[in-house]
Amino acid sequence: MHHCPLCQSNHTHHYFEDKHRQYLECSNCALVFVNPEQRLDAKAEKAHYDLHENNPNDLGYRRFLSRMADPICQRVAPQSHGLDFGCGPGPTLSIMLEELGHTMKLYDIYYHPQRSVLEQQYDFVTATEVIEHLYEPAQVWQQWLNLVKPGGWLGVMTKMVIDVEAFAHWHYKNDLTHVIFFSQATFEYLAERDKLELEFVGNDVILLRKAQ
């Protein structure tokens, strides 16, 4: 059986299987993840991302991202410094936050791969629709925590697992670039382990505050 890519536990078990992939669940942190042998390679993964048409002028996309922008802005000081991690080919959240007075940097493994931005700390880090794509979530999660200043915020947007019955009919799992799936229990595990203040905002926005 495969070990958990998030908490490294060996206590994983079969969760679900469809015609494309097998999904496992970790008994320790409740992460649901795709069998690593069934993940796309980097070339196929990027080809999928290249199809995304995210546009800062798309009002619908801005409304979608406002579910992250609004609660972050309510919690950070004016003129804070932030990093949008995994911004994709059409950075938009960063533009929205700059319009609200914050200073933003960008990082994306494919589209904005300037690693120098990962060598400093920020008042907040956002990752919208990113975490479900991570092949090595343990390393990236630690990287995110290192990027946030003490007392700063990490904002994650992702759809969360409810139960296996809902998972069976869940469109979110059908995107072949989605390889790990968090539940509220997974975020609660991480918050307790890493001493983070945790807030759930709506169905898919998770805010975590680093200790001072």
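This is a predicted model: local features need pLDDT of at least 70, side-chain atom pairs count only at pLDDT 80 or more; totals for chains, interfaces and linings use all residues.

Modeller: Residues are numbered from 1 along each chain as its sequence is written, and side-chain values use heavy atoms, with hydrogens and water left out.

Colleague: How many helices and strands are there in the protein?

Modeller: Helices (H or I, at least four residues) and strands (E, at least two) are DSSP runs, numbered from the N terminus. Counted in this way, the protein has 6 helices and 10 strands.

Colleague: What radius of gyration does the protein have, and what would a compact globule have?

Modeller: The radius of gyration is taken over C-alpha atoms, and the globule rule is 2.2 Å times the number of residues to the power 0.38. For 212 residues the rule gives a value near 17 Å, and the protein agrees with it because its own radius of gyration is 17 Å.

Colleague: What percentage of the 212 residues is buried?

Modeller: Buried means under 20% relative accessible area, exposed means over 50%, and partly exposed lies in between, with a 1.4 Å probe and protein chains only. By this rule, the buried share of the 212 residues is 48%.

Colleague: Which residue in E10 stands opposite Leu 154?

Modeller: Strand E7 (residues 148-157) and strand E10 (residues 205-210) run antiparallel and are joined by 5 bridges. Opposite Leu 154 in this pair stands Leu 208.

Colleague: Which residue in E2 is the bridge partner of Phe 16?

Modeller: E1 and E2 form a hairpin with 4 residues between them. Strand E1 (residues 12-17) and strand E2 (residues 22-26) run antiparallel, with 5 bridges. The partner of Phe 16 in E2 is Tyr 23.

Colleague: How many disulfides does a search of the whole structure find?

Modeller: A disulfide is a pair of cysteine sulfur atoms within 2.5 Å. The closest cysteine sulfur to that of Cys 87 belongs to Cys 73 and is 17 Å away, which is too far for a bond. Cys 87 is buried at 7% relative accessible area, whereas Cys 73 is partly exposed at 24%. The search of the whole structure finds 0 disulfides.

Colleague: Which residue has its backbone oxygen 2.8 Å from a polar atom of the side chain of His 178?

Modeller: His 178 is in the loop between helix H5 (164-168) and strand E8 (180-181), and it counts as buried because its relative accessibility is 6%. Its contacts beyond four places in sequence include Arg 21, Val 34 and Glu 132. The backbone oxygen in question belongs to Tyr 172.

Colleague: With which side chain does that of Asp 123 make a polar contact?

Modeller: A polar contact is a pair of N or O atoms within 3.5 Å; within protein, one must be able to donate a hydrogen and the other to accept it, and residues adjacent in sequence count only if both atoms are side-chain atoms. Asp 123 lies in strand E6, and its contacts beyond four places in sequence include Ser 80, His 81 and Trp 153. The polar contact, at 3.5 Å, is with the side chain of Lys 149.

Colleague: Is Val 117 buried or exposed?

Modeller: Val 117 is found in the loop between E5 and E6. Leaving out residues up to four places away in sequence, Val 117 touches several residues, among them Leu 83, Tyr 122 and Leu 147. Since its relative accessibility is 8%, Val 117 counts as buried.

Notes. Contact means heavy atoms within 4.5 Å. Two strands pair if DSSP finds at least two bridges between them.
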